[in-house]
Amino acid sequence: MKSRRFLLVFSLLLALGMILGACGSSEGGSNESDGSNGGNGNSEEGSKDDFSVAMVTDVGGIDDKSFNQSAWEGLQAFGKENGMEKGQGIDYAQSASDADYNTNLNRLVRSDYDLIFGIGFLLAPAIEEVADQNPETKFSIVDSVVEKDNVASIVFKEHQGSFLVGVAAAMKTESDQVGFIGGVDSDLINKFEAGFRAGVKSVNPAIEVKVQYAGAFDAPDDGKAIASNMYSQGVDVIYHASGGTGNGVFAQAKDLKQNDPERNIWVIGVDRDQHEEGQIGDMNVTLTSMVKRVDIAVQDISTKAMNGEFPGGEVVEYGLEDDAISVATTNEEAMTEEIKTAVEDWKQKIVDGEVEVPSTQEEAKSFIDSL
Amino acid sequence: MFSNRLVNILIPIVSVFLGLLVGAFIMLGFGYNPFLGYLALWNGAFGDSYFFGETLRQVTPYILSGLAVAFAFRTGLFNIGVEGQVIVGWLASVWVGLAIDAPMIIHLPLAVLAAALAGAAWGFLPGLLKAKLGVHEVIVTIMMNYIALYTSNSLVRNVISDGKDRTERVPETASLTSEWLASLTQYSRLHYGLLIALFAAAIMWFLLNKTARGYELRAVGFNQDASRYAGMNVGRNIILSMVISGAFAGLAGAMEGIGTFGYQSVKGGFTNIGFDGIAVALLGGNVAIGVVLAAFLFGTLKIGALNMPTGAGVPTELVDIVIAMIIFFVASSYMIRWFLLKVKKEGK
């Protein structure tokens, strides 16, 4: 009896599958044609018509609300300009672990993409290896430097942007204590920290900057715990440079703000304008964000490569002067005219070269000592 | 019609089949074509020699981490610490690779041995605590995972490298990579570690099934009290089991350290090789040959999955769901066993 009932359920499931299959197949069909088109890009190098670009994300994934997403937005913008869409001229591959970087890069090389981006410094060793094996393909790495003739290295002057949000933080704090939460203690994130500390101290050397690293870019629970600790010690502005971990910082700030709307609690976002993350009712805990326009850089390099001006072997630096680094002013209530003016002043000084923003911890130390 | 042995073999096969079937329904449900999806998965894993090489490369650490979990299981221990043992093994192999200058014939075995020893040491501690004080190994090994991760990060950053995010590459003399295997598979990262992994599987089979010591280990796994009554030293067997399990896990780390990557980097999170090893062991029924086959399946799914978004527009997350479904059906093997026995009875 029971097995007969099982058979009935099974056949019903199968029937359902058939029906759903009929719905799904048309879409599947178009996907197939999509896939076959991206492949034949490399037949005539340099020719605009069949130029194709792809990117490999790091473990954050394509929808990380951070630089992977931003890079893809850049490629989409590039595609729109040149009549390409996903699967036709532009595409991405996501990595689930460190071991996937090589595999994904090689897959895209095999699909004859002309230019392949590695998004994030984690991909540097993989790009180095694959670029060596495929000297005909162009590569580009974001946030790191790979010295190969067919690799263009994209780096950002995050220390400049961090300096400016440091200025904003110093002017906003009432307790004279601000915090910095980093993802993984690495050269890249040290750059954020150095700039931020220098910015804060430039406004008021008496302000204390508490620094802590979460040890991960994908641990919102750790971010929340560290933020909770900092806020309870009297810190009232936290700048996070920690990717997904920062979501926990926002969560904690919003919790505190909800319990006590009068309290002075702020978060400074990173990479993208994180205004939305800080929204709670009609209040917002996002003071500002250090915006790093990976999309501008990706679009720029793609366009150059298409026009045959690919900066292979070079390190291309994007900073305040290219508008690739900027400070968000979406929260108009929090970013008062006074703060905005100060930020603008410092920005001018940096662009004019009057102020040399430190980018390592040693430089930051000597910078602060010299104040 | 079905012997017990056959049922034991059928359960994982049926589980895999059901997992793939449910995965197909989920793909349908979200409007993807499952045939194209699985075709992309197949091509992504076996499409040409490069991808086949990458699949075998991914299988290598899975075999060893699966063996590690399975070995402890057989003695009635649940070693969740494989992940941490992988990390210390990884670190040890790279460290020996970088610190020592020796000809390959000495250097390479030394690096591999160091990894096994490091993993064994990481397994020894939970084993000791369990045997002497009765502290549950699950809790200790979970904690040891974090200690391994952050200690390794700190050592890479401050001791082995000069404040960098990763170590230098290990020299050729301590590397498992092979020009020959790479050129055979169009520059995949396939390395000689696969042989080590298969050899380790043979060792596990021999140790557990053909030696008196292995018999004791298994006896402890079946019933500790009976083993003690029979005059076996339960504590010593528990420690030994954790040490051997840790050594397998350490070897898995060496596969990554001096095989796939050639360096150790500051890690933002776990590698998941050890955690996937739990699933591999479960699917493989905790026997050596089963673990090898299960590792092959997992490696195929993991590498093939990378091709599903580009090949068929199916998100990689779906493959994780399929894997989860397979594990679900293995874990609920009672259901399948019951069904198979039912069929068996009716067949008579």
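A: Happy to, starting with chain B: of its contacts between residues at least 6 apart in sequence, 80% join residues at least 24 apart, a contact meaning C-beta atoms, placed from the backbone, within 7 Å. Bear in mind that this is a predicted model, where local features need pLDDT of at least 70 and side-chain atom pairs count only at pLDDT 80 or more, while totals for chains, interfaces and linings use all residues. Residues are numbered from 1 along each chain as its sequence is written, with chains lettered from A and ligands numbered from 1 in the order in which they are written.

Chain B contains 16 helices and 0 strands; helices are DSSP runs of H or I with at least four residues, strands runs of E with at least two, numbered from the N terminus. Its radius of gyration, taken over C-alpha atoms, is 21 Å, close to the 20 Å from the globule rule for 348 residues, so chain B is as compact as a globular protein of that length. That rule is 2.2 Å times the number of residues to the power 0.38. The C-alpha trace of chain B spans about 65 × 60 × 35 Å along its principal axes. Of the 348 residues in chain B, 55% count as buried, that is, with 20 or more other C-beta atoms within 10 Å of their own C-beta atom.

Technical notes: A residue is buried if 20 or more other C-beta atoms lie within 10 Å of its own, exposed if 12 or fewer, and partly exposed in between; C-beta atoms are placed from the backbone. Two residues are in contact if their C-beta atoms, placed from the backbone, lie within 7 Å.
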